[in-house]
Amino acid sequence: ALVAPATVYTGGQVDRAAQADTTAPMEVYYPDSLKAARIGGNVVVEFVVDTAGNVETETIGVVLATHPRFAEAARNAVWHARFHPAILKGRPVRQVVQLPIGFEVAGAR
């Protein structure tokens, strides 16, 4: 019983994966200098969503980033994000999430 709360599952191991809370959309700010330069990019952020739907901020890591400023913006967005927790056998569980975040300037190619 002491080990169970520390267990972290992947999306494939749960009955329902953690999902973004659409009533509190995640706000991702496009770095001004990159937007002005019309530079787009991508980030993949990895983190753990706890049983209450909160991001365990100490687990936030960047798996991939096309620019360090995009990585910082993505980390900040995830820091404040809210989720519905993953469900396994009718109970909320901790789940590791990999979230891709894209940065695209309107009209850029």
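## Basis

Residues are numbered from 1 along each chain as its sequence is written, and side-chain values use heavy atoms, with hydrogens and water left out. The model is predicted: local features need pLDDT of at least 70, side-chain atom pairs count only at pLDDT 80 or more, and totals for chains, interfaces and linings use all residues.

## Fold and surface

The protein has 2 helices and 7 strands. Helices (H or I, at least four residues) and strands (E, at least two) are DSSP runs, numbered from the N terminus. The order is β-β-α-β-β-α-β-β-β. Along the principal axes, the C-alpha atoms fill a box of roughly 55 × 25 × 20 Å.

Of the 109 residues, 34% count as buried. Buried means under 20% relative accessible area, exposed over 50%, and partly exposed in between (1.4 Å probe, protein chains only). The accessible surface comes to about 6,800 Å². Carbon and sulfur atoms hold 53% of that surface. Areas come from the Shrake-Rupley method with a 1.4 Å probe; for residues, only the protein chains shown count as cover.

Contact means heavy atoms within 4.5 Å. Among contacts between residues at least 6 apart in sequence, 77% join residues at least 24 apart.

## Nonpolar core

In soluble globular proteins, nonpolar side chains tend to be buried together. Here the largest nonpolar core has 23 residues. A nonpolar core is a set of buried Ala, Val, Leu, Ile, Met, Phe, Trp, Tyr and Cys residues joined through side-chain atoms within 4.5 Å. Val45, Phe47, Val55, Val78 and Phe103 have the most contacts inside the core. The elements giving two or more residues to this core are β3, α2, β6 (86-88) and β7.

Phe47 also has partners beyond four places in sequence. They include Val55, Ile60, Val78, Phe83 and Gln95.

## Aromatic pairs

The whole structure holds 4 aromatic pairs. Rings of Phe, Tyr and Trp (its six-membered ring) pair if their centres lie within 6.5 Å; planes under 30 degrees apart count as stacked, over 60 as edge-to-face and the rest as tilted. For Tyr30 and Phe70, the centres are 5.6 Å apart and the planes stand at 85°, so this pair is edge-to-face. Tyr30 sits in the loop between β2 (19-20) and α1 (32-36), and Phe70 in helix α2 (residues 68-79), 40 residues apart. Both Tyr30 and Phe70 are buried. Together with Phe103, they form one aromatic cluster.

Phe47 and Phe83 make a tilted pair, because their ring centres are 5.5 Å apart and their planes are at 50°. Phe47 belongs to strand β3 (residues 41-49) and Phe83 to strand β5 (residues 83-84), 36 residues apart. Phe47 and Phe83 are buried.

Side chains of opposite charge can pair when their charged atoms come close. A salt bridge is a side-chain nitrogen of Lys or Arg within 4 Å of a carboxyl oxygen of Asp or Glu. The count is 1 salt bridge. Glu56 pairs with Arg94, with the closest N and O atoms 2.7 Å apart. Glu56 lies in the loop between β3 and β4 (61-65) and Arg94 in strand β7, so the pair ties together parts that are 38 residues apart in sequence. Glu56 is buried at 12% relative accessibility, and Arg94 is buried at 16%.

Gln95 lies in strand β7 (residues 91-103). Gln95 is buried, with a relative accessible area of 5%. A polar atom of the Gln95 side chain lies 2.6 Å from the backbone nitrogen of Ala18. Residues touched by Gln95 include Tyr9, Ala18, Phe47 and Ala86.

Note on methods
A polar contact is a pair of N or O atoms within 3.5 Å; within protein, one must be able to donate a hydrogen and the other to accept it, and residues adjacent in sequence count only if both atoms are side-chain atoms.
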